[in-house]
Amino acid sequence: MCSLASTADSTGVRPLMREWRAVIATWWTILRICLEERLVYRGDFALGTLMRFLPIVTQIFLWGAIFQNAAVSGVSTISGYTYEDMIAYYLLTMVSRAFSSMPSLAGGIARQIRSGEVKKFLIQPVDMIGFLLLSRVAHKLVYYAVAAGPFALVFFLCRAYFPGWPEPLVMAAFLASLVMAFLLGFFLEALMGMIGFWFLEVSSLLFVYMLFTFFFSGHMFPIDMLPGGWKTVVDATPLQYLAYFPAAVFLGKIQGRELAIGLAIELGWVLLLVTACRFAWRRGVARYSGFGG
Amino acid sequence: MAIIEVAGLAKSYRVYQKKEGLVASLRGVFRREYRLVEAVRGIDLTVESGEFVAFLGPNGAGKTTTLKLLSGVIHPTAGTARVMGHVPWHRENAYRRRFALVMGQKNQLWWDLPAQESFRLHQQIYRIDPTTFDRQRDELVDLLSVGQLLGQPVRELSLGERMKMELIAALLHSPEVLFLDEPTIGLDVIAQHNIQAFLRHYQQERQLTILLTSHYMKDVAALCRRVVIIAHGQIRYDGSLGGIIDRFSSHKIVTLLFAGDTIPTGLSRFGEVLEESPPKVRLRVDRSVVADTLAAILALPDQTVQDVSVEDPPLEEVIAQMFAQVSERPMPEAVTQ
Amino acid sequence: MAEQPVFSKATAPAALQPASLWMYPRVFATFARNSLVRDMTFRWNFVIESLSSLSWMLMNLGFYVLIFRFTDEIGAGTGWGKYQFFIFLATTTFINSVVQAFFMPNAEEFSELVRTGGLDFAMLKPIDTQFLISLQKVDWSSLSNFGFSGCLLVYSLIRLDYLPSVLQMVLYPGYLLCGVALMYSLMIALAATSVWLGQNQTLYDFWFYITNFSRYPMEIYRGPYGDPLRQVFTFVVPVLVVVNVPARLLAKPLDEQNWPLAGFAIVAAAGSLIVSRWIFQRAMLQYRSASS
């Protein structure tokens, strides 16, 4: 585990600058160490990544059969998606999930709180959330580096399903939505992990969360397919931005004004969750120290 | 016919070098580097029924591997062995019902359940008749004084208590041969003592044949008359405990008590001075010259020796010295007495 | 075989109960009971796991309910309409919950046993090693789907416009067992390779990805890639036979076309059990045991 020493300093501008530089240097060290740690396991990643595309094969056939039957009655789209769109959608949700999925983040935080490991963060200048964020960034960077190959291969093989590259502005929106999906996924899970300050058993909450995420984030099917009433419910949560939104943006299902609003709402959710996390951390730590842990 | 007969038993492993990184791993699919580890290099051993034999040896000597070979857990690379007439690695059910293996710090009991549930499973798997089973279990539980712990989940027991349960589980089916691999490792002194006392009593009463590996001299000294020393996968010594000292110890410890408060100077010419606390001195003297040295000291002018004792060095020291010796020296023949 | 010489002065080996094959069911009953006791001590976990299994199934069902809003059949002319497909789903769940309850925990445990050397203890016992390591743990929470699938099955059967014959209904559980046998064989064969390959999460994922193909009617695999895929997964690694045969048996009227495949299913189940046992026994011969 990466740990660090604080740098003491006096007041004044130049000392302040020095302190900033020290903080940045510290954060850079953490990032570097965590990157190295992840790189050791890169061998397993590539094979595992390729295998993760296998369910797409069954989806290709399943939707093929569904659309084939729909074609018999002259229908060629489902909720605005053609067969090719549908397959492209699933492939794209794999990209968005590569950004937004945070395996064992919430569970890890809850565990560290339960075991008392969280104490070390109370005495160090870098707080737990910041540290975890950096380590996740490192993890993701390595993952992308290794997964880029398999992803590119699969996307190339399936290029017939894609309608082509989107315009530069839409592309930019896509990339922005991916970055925000990462932040969203991170702070959402971190918030849930911190429930561990108040409740011993976080697993039940996590289970409910994972359930809802799987069904309502667009991972299983495009949100557009949901009937009106359900769609309203889903719109009240940030879940669709974890898988559905970036994919839909890339495919051009969300455009113009709608796109701008969507991005704004996503940003809003990110800010809300960051604040909630900070708040939960402060309150949680106060409560934790109160117990003399 | 001896109960255990081993001839030329050998076991070597190929240990593959595992490389990190994708490219290296891929290359590893086609051509792997390995090194050969010879855990056991030709062991000959005969054990009669009712013997209690200790296996001593430094780490990695092949003690545990030998026990595993005799239990049938692994197949040998060469050689033969017969235990009670069976070939262990054929893993016949008839053989498996007649012996037991206990490994220190390794648990075979169900972790979350009380020991008595594991015992019940044992009864069914070993097909022990219920009356016999009850009698055995009660006797063992009584001897080891764990009656009130039977209903507690195994994970809540201390290391010593867990070891006792493991021993009970091993003996429930009345095996004729018992293999013990470091049974007292990690236990506190009292627990060790209890288990030693139990083993001694039980072995004598039932005339079990027991093979015990241990690091602890106290285990060995308390329980076994016969000691087999293994190093580098080969037997280096097979005989009595006392014989080890005779064979491997080159020194004796001479303790002198002088009259008056002072001790003579220059005693170091007689041997290594281990301790000087007037009026007592302890010297380490080469075995071959003990008599002459004593004569010389007693003949010293201006000094009267009030008391003399000549002892063997502590067994641990001898063993440790011997381990060091055999680790360096390349293969002298085994010494059998 | 020669008389076994008696070596020790000790009392003869403890009197054996009469040798019989009844030992195995009895031992299994103890395994099941012990696992239940253990699950009950972690009651909260048990409830969560049960709800979790149930919810996955409900979500899957929800997904297909959604799809059937847009189409009335999966694949043109395949006969897999809404209620037929629900029967397919129920069949999938029956088989999967049995596999997950009785075999999955043991397969996961096996590579751990190999790694820690705990497998040594399994090999000391006078009982078939494959039996022991395949059945010693039961995950009762995975059976939570059973009841719900049963209800789904009955509900769908009622909604069908035909009633399956007695023969079909009697054969159905038998073919469920064939499906379980096939899944088990694949699982144990993969688990056995951990003796050579060491602990491998990828292996476990591999099982999941391959059996994923079994969750859909075989008719969807068509076309230049689909047809060969279907052949491979029917005859080489017969996962498609697992759910398709029993589901078809119940959901569709009896048809001469189906009999060859049904016959093949039995052969495949028996064959795969034999092959997987052979692989397992080879693995046991090669077992090296963790160093102390």
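## Helix packing in chain A

In this predicted model, helix α5 (residues 105–115) of chain A packs against helix α8 (residues 168–194) of chain A at an angle of about 30 degrees, and their axes are 7 Å apart. Since angles under 35 degrees count as roughly parallel, α5(A) is therefore roughly parallel to α8(A). The crossing in which α5(A) passes α8(A) is right-handed.

On the α5(A) side, the residues that take part are A:Leu105, A:Ala106, A:Gly108, A:Ile109 and A:Ala110. They meet A:Glu189, A:Ala190, A:Met192, A:Gly193 and A:Met194 in α8(A). Sorted by class, the contact of α5(A) with α8(A) has seven nonpolar, two polar and one charged residues.

## Helix packing in chain C

From α3(C), the contact involves C:Gln84, C:Ile87, C:Phe88, C:Thr91, C:Thr92 and C:Ile95. Their counterparts in α12(C) are C:Val242, C:Val243, C:Pro246, C:Ala247, C:Leu250 and C:Ala251. The contact of α3(C) with α12(C) has nine nonpolar and three polar residues, and no charged residues.

## Domains and sheet of chain B

The domain assignment of chain B gives domain 1, spanning 4–245, and domain 2, spanning 250–311. The C-alpha centres of domain 1 of chain B and domain 2 of chain B lie 45 Å apart.

Chain B also holds an open sheet of four strands, in the order β11-β12-β10-β13, with antiparallel pairing. The edges are formed by β11 (272–277) and β13 (305–311) of chain B; each has a single partner strand, so one side of each is left without a neighbour in the sheet. On average, neighbouring strands of this sheet are turned by 15 degrees against each other, direction ignored. Strand β10 (residues 251–258) of chain B pairs with strand β12 (residues 280–286) of chain B in the antiparallel sense, over seven bridges. B:Val254 stands opposite B:Leu283, a residue of β12(B).

## Contacts between chain C and chain A

Contact between these two chains involves 26 residues of chain C and 27 residues of chain A. On the side of chain C that touches chain A, the elements that give two or more residues are α2 (43–67) and α10 (201–212) of chain C. The largest share of that side, nine residues, comes from α2(C). By class, the side of chain C that touches chain A has 15 nonpolar, eight polar and three charged residues.

## Contacts between chain C and chain B

Chain C also touches chain B, in a contact that takes 33 residues from chain C and 43 residues from chain B. On the side of chain C that touches chain B, α1 (23–41) and α5 (119–124) of chain C each supply at least two residues. The most is given by α1(C), with eight residues. The residues of the side of chain C that touches chain B divide into 17 nonpolar, ten polar and six charged.

Terms used
Residues numbered from 1 in each chain as written. Chains lettered and ligands numbered in written order. Predicted model: local features only at pLDDT ≥ 70, side-chain atom pairs only at ≥ 80, totals over all residues. Contact = placed C-beta atoms within 7 Å. Nonpolar A, V, L, I, M, F, W, Y, C, P; charged D, E, K, R; others polar. Domains from an automatic or database assignment. Pairing = 2+ DSSP bridges. Axes fitted to C-alpha atoms, helices over the stretch in contact; angles between N-to-C directions. Parallel < 35°, antiparallel > 145°, perpendicular 65-115°, else oblique. Left-handed = near helix turned anticlockwise from the far one by under 90°.
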